[in-house]
Amino acid sequence: MGILNLTKFLADVAPHCIKETDIKSYFGRKVAIDASMSLYQFLIAVRSEGAQLTTADGEPTSHLVGTFYRTIRLLEHGIKPVYVFDGKPPEMKGGELNKRMEKRAEAQKALDKAMEAGDQAEVDKFNRRLVKVTRHHADEAKELLRLMGVPYIEAPCEAEAQCAAMVKAGKIYATATEDMDALTFGSDIVLRHLTFSEARKMPIQEIHLKIVLQELNLSQTEFIDFCILMGCDYTDSIRGIGPKKSIELIKNHRSIEKILENIDKSKYPPPEDWNYEGARGLFVKPEISDPDSIELKWGEPDEEGMVKFLCGHRQFSEDRVRNGIKKLQKARGTSTQARLDGFFTVLGTTPAKRKADDKKNTPNKRGKLGGAGKGRGRPK
C-alpha cells in the first residue's frame, strides 16, 4: 500500500514537487528498482489471449517476460538498473499482511461467483486482485538478472528503505517504485511508472522530496508523522482524519504526540494501543544494509545460459530470446557511456558578459582581437 492517497494529495497541494519526464531523461543514471512492485506489475499486465503466460506445467512466466524485456528497454535508454528485493517483513507489518489475506479471501469468493455467472470482466478484475508475488517468482527473477549481467540486492527488510538509503548515500540517482513510502524512508527522488509497459503510454513521474518538504513546510520527521496519519503499512490511522485534516493537524501541532494532546478523542478516537512511535522508528531508522558495503557491477550477459533458462520448459521462443539478447548486448555499450554533465560544469553567462566576450574575441580592423587595453595581451 505505501502511504494511502499520498500521490493524489501531493498533486493537489504540492504540484511543483512532481514533474513528468521521458525515459530518455535518465541516460547514464543508476536507478534502484523496487523488484517486488515490478514483478507484481508484470504479473498483472503481461497477458497472452487474456491469460497469464505460463510454463508447460501451467506456472506463470509473465514476471520473467516483464523482467527480460523491460530491463532491456531501460538499458537501451542508457539507464543502469539495480533491482532491490524485499527481505523479511517487519513485525509491525503483520496487521497489514493479515488485512491483505482477508481481502484475497474475499476476492476469491467474488471470483468464484463471477466464474459461475460467466462474467468475464469481473473474472479478470478479481483475478488481478488475487495476483501475489511469491518467493519462487523472486528467485526466478534473480536468476534471470544474474544471467543478464544486471545487479540485484537482497534487502534485509523493506526494499523501499534499502533503495532510499542507496539514494541518500549518492550511490543511486533515484528509487523507482509505485509505493510512496520511499519518500517517507527519505529517498531524495522517486520515479513512478518507470517499469510500466510501453503500451500504457504513461509519462514517468519524478517526485523530489526536498520540494515536497518545502511546499508542505514540514521537516522530514514531521513529514513522517504526517504519513502515519495518512495511513501506512505499519499501524492503523485515526478514524475520521483524512488528508486535509492530517496536514492541518501536523502544521498546527508538529508531532503526533501534540496532536493527541489537542484533538477531541471522542470525535477522533485513536486506535487502541496505537504504536505510532514504532512506525515512526521504522521510517527513521529502518533495517538496511550499509550502502558503502554494496558493490554494484553490471556484467557480461550469458547468452546460452539465458536461452537454456527461458526456452524449453518455460516455453519462450528461442528466436525472440536471442533477438532480445542482441539488443541487451548492444545496450550495454550504450549504458556504459557516462552523462556529459558528469564531465563538464555548465557555467551561467549573463547577456552583458556574453556581449563583452564577443567584443573581446572579435578581430578589429587590424586583425587583432579586441578588448585588450594598452600594454596588455602581450606575451611575457
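Q: A cavity is a set of points on a 1 Å grid over the protein atoms alone where a 1.4 Å probe fits but cannot get out; how much space lies in the largest cavity?
A: The model is predicted, with local features needing pLDDT of at least 70 and side-chain atom pairs pLDDT 80 or more, while totals for chains, interfaces and linings use all residues. Residues are numbered from 1 along each chain as its sequence is written, and side-chain values use heavy atoms, without hydrogens and water. The structure holds one cavity of 30 Å³ or more. Taking volume as the space filled by probe spheres set on the grid points, which are joined across faces, edges and corners, the largest cavity has about 30 Å³.

Q: Which helix gives the most to the lining of the largest cavity?
A: The lining, meaning residues with an atom within 4 Å of a point, includes Asp34, Met37, Ser38, Gln41, Glu178 and Leu191. Helices are DSSP runs of H or I with at least four residues, and strands are runs of E with at least two, numbered from the N terminus. With three residues in the lining, the helix that gives the most spans residues 35-45 and is α2.

Q: In β9, which residue is the bridge partner of Arg192?
A: Strand β8 (residues 189-192) and strand β9 (residues 204-208) pair in the antiparallel sense over four bridges. In β9, the partner of Arg192 is Gln205.

Q: How many residues apart in sequence are the parts that the pair of Phe9 and Phe226 ties together?
A: Aromatic rings of Phe, Tyr and Trp (its six-membered ring) pair if their centres lie within 6.5 Å, and planes count as stacked under 30 degrees apart, edge-to-face over 60 and otherwise tilted; the count comes to eight pairs. Phe9 and Phe226 form a tilted pair, 5.1 Å centre to centre with 45° between the planes. Because Phe9 lies in helix α1 (residues 6-13) and Phe226 in helix α10 (residues 220-230), the separation of the parts tied together is 217 residues.

Key. Two strands pair if DSSP finds at least two bridges between them. On a 1 Å grid over the protein atoms alone, a cavity is a set of points where a 1.4 Å probe fits but cannot get out, and a pocket is an open set with protein on both sides within 12 Å along at least five of seven lines; lining residues have an atom within 4 Å of a point.
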